[in-house]
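Hi,

Here is the structure I promised to pass on.

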Amino acid sequence: MRLFGLIVAMLISLLMLASCAQPALVKGTINTHDQAELPAGSVVNVQLQDTSRADAPAIVVGEQIIEDPEQFPIPFEVEYDPDQIDERNVYSMRVRIEVDGKLIFTNTTSHYVITRGFPNELEVLVDDVATGSPPVAADLENTTWFLISYGEPKFERSVLPNTEITMEFISKEQMVKGSAGCNSYFGSYEVEGNKLSIPGPIAVTEMACMEPEGVMDQEQEYLTILQNAETYEIEGKKLQINSGNKVLNYEIKG
């Protein structure tokens with residue numbers, strides 16, 4: 001009986017260990033906006049990252065290395081431990097494709113997964129960075145950006161009808177300025193790579209707008225998010241500013 005009891009206990013332990021060891025997956029494909037081709041010897045690094053804290057390095061939750069893949073689209077599967085996932089946190093994918101240690105493709109926009117209603121299966125779009133194109137900051141600056149939506153990722157709110165929120169980074173003066181929907185605002189800024197900071201305080205005119213309803217609340221939230229800007233990403237005519245667990249989404253009109 002003692003032997004039988006030991007066997008049963010061992011079987012239960014093995015079953016428990018097996019259930020705990022089951023990994024989860026984020027999977028999908030990696031693709032490009034155009035018909036770019038991969039050179040021989042390419043190495044793809046796909047990471048699942050916890051990007052909840054913009055003031056700290058991303059935490060790698062899962063990773064896959066794909067050596068010498070065929071052409072786009074490239075299928076991927078990244079395993080992760082569900083016990084490491086915090087439903088309050090934000091998780092995203094980071095893809096880097098290199099040849100002989102030189103970066104040739106990477107994603108320049110965030111692809112969120114797992115929590116907050118985001119999927120576990122997706123397409124990650126990467127951009128060609130080996131063409132010698134101008135740095136992204138040249139597009140960020142001296143361009144008029146129009147706000148489209150703002151708030152927590154996946155739960156962004158559209159700008160109120162009949163209001164217009166704009167932003168322009170003037171490189172000569174290192175000044176950001178625009179309309180917050182009712183009042184005008186301006187302040188200094190600093191940019192390094194994809195890092196953006198607005199040391200502030202942002203100066204704002206003192207008009208009080210009554211219409212449309214909620215315009216002053218929208219303005220206050222917009223300026224608060226902008227004041228705490230940390231990083232930015234540009235894709236074509238679209239700009240996203242990341243600020244803690246909130247984002248500002250802009251585009252160029254015309």
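Arg116 is buried, as its relative accessible area is 18% (buried means under 20%, exposed over 50%, partly exposed in between, with a 1.4 Å probe and protein chains only). You'll find Arg116 in the loop between S7 and S8; helices (H or I, at least four residues) and strands (E, at least two) are DSSP runs, numbered from the N terminus. For context, most residues other than glycine have a negative phi, and most peptide bonds are trans.

Before you go further: this is a predicted model, where local features need pLDDT of at least 70 and side-chain atom pairs count only at pLDDT 80 or more, while totals for chains, interfaces and linings use all residues. Residues are numbered from 1 along each chain as its sequence is written, and side-chain values use heavy atoms, with hydrogens and water left out.

Asp100 also has a positive phi without being a glycine, near 55°. Is Asp100 buried or exposed? Asp100 is exposed, with a relative accessible area of 80%. Asp100 sits in the loop between S5 and S6, and those two strands form a hairpin with two residues between them.

That brings me to S5, which has several partners. Here two strands count as paired if DSSP finds at least two bridges between them.

- S5 (residues 91-99) pairs with S2 (residues 43-50) in the antiparallel sense, over eight bridges. Within this pairing, Gln47 has Arg94 of S5 as its bridge partner.
- S5 and S6 (residues 102-106) run antiparallel and are joined by four bridges. Ile97 is bridged to Phe105 of S6, and Glu98 stands opposite Leu103 of S6.
- S5 pairs with S7 (residues 112-113) over two bridges, again in the antiparallel sense. Here Ser92 has Tyr112 of S7 as its bridge partner.

From S6 the pairing carries on to S8 (residues 121-128), with two bridges and an antiparallel arrangement. Phe105 turns up again there, opposite Asp128 of S8. If you are following side chains along these strands, remember that in a regular strand they alternate between the two faces of the sheet.

What does Ser92 touch, leaving out residues up to four places away in sequence? The list is Gln47, Leu48, Gln49, Thr51, His111, Tyr112 and Val113, where a contact means heavy atoms within 4.5 Å. With Thr51, the side chain of Ser92 makes a polar contact of 3.2 Å. A polar contact is a pair of N or O atoms within 3.5 Å; within protein, one must be able to donate a hydrogen and the other to accept it, and residues adjacent in sequence count only if both atoms are side-chain atoms.

Now the cysteines. Taking a disulfide as a pair of cysteine sulfur atoms within 2.5 Å, the count comes to one. Cys182 is joined to Cys209, with an S to S distance of 1.9 Å. The torsion about their S-S bond is about 80°, so the disulfide is right-handed. It links distant parts of the chain, 27 residues apart: Cys182 is in the loop between S12 (175-179) and S13 (184-188), and Cys209 is in the loop between S16 (203-204) and H3 (215-227). Cys182 is buried, at 12% relative accessible area, and Cys209 is buried as well, at 19%.

The loop between S16 and H3 also holds Pro212. A cis peptide bond joins Glu211 and Pro212, with omega about -10°. Another cis bond joins Phe72 and Pro73, with omega about -5°; Pro73 lies in the loop between S3 (59-67) and S4 (74-80).

Finally, some totals. The chain has three helices and 19 strands. Of its 254 residues, 39% count as buried. Among contacts between residues at least 6 apart in sequence, 58% join residues at least 24 apart. The chain exposes about 14600 Å², and carbon and sulfur atoms supply 53% of that; accessible areas come from the Shrake-Rupley method with a 1.4 Å probe, and for residues only the protein chains shown count as cover.

Cheers
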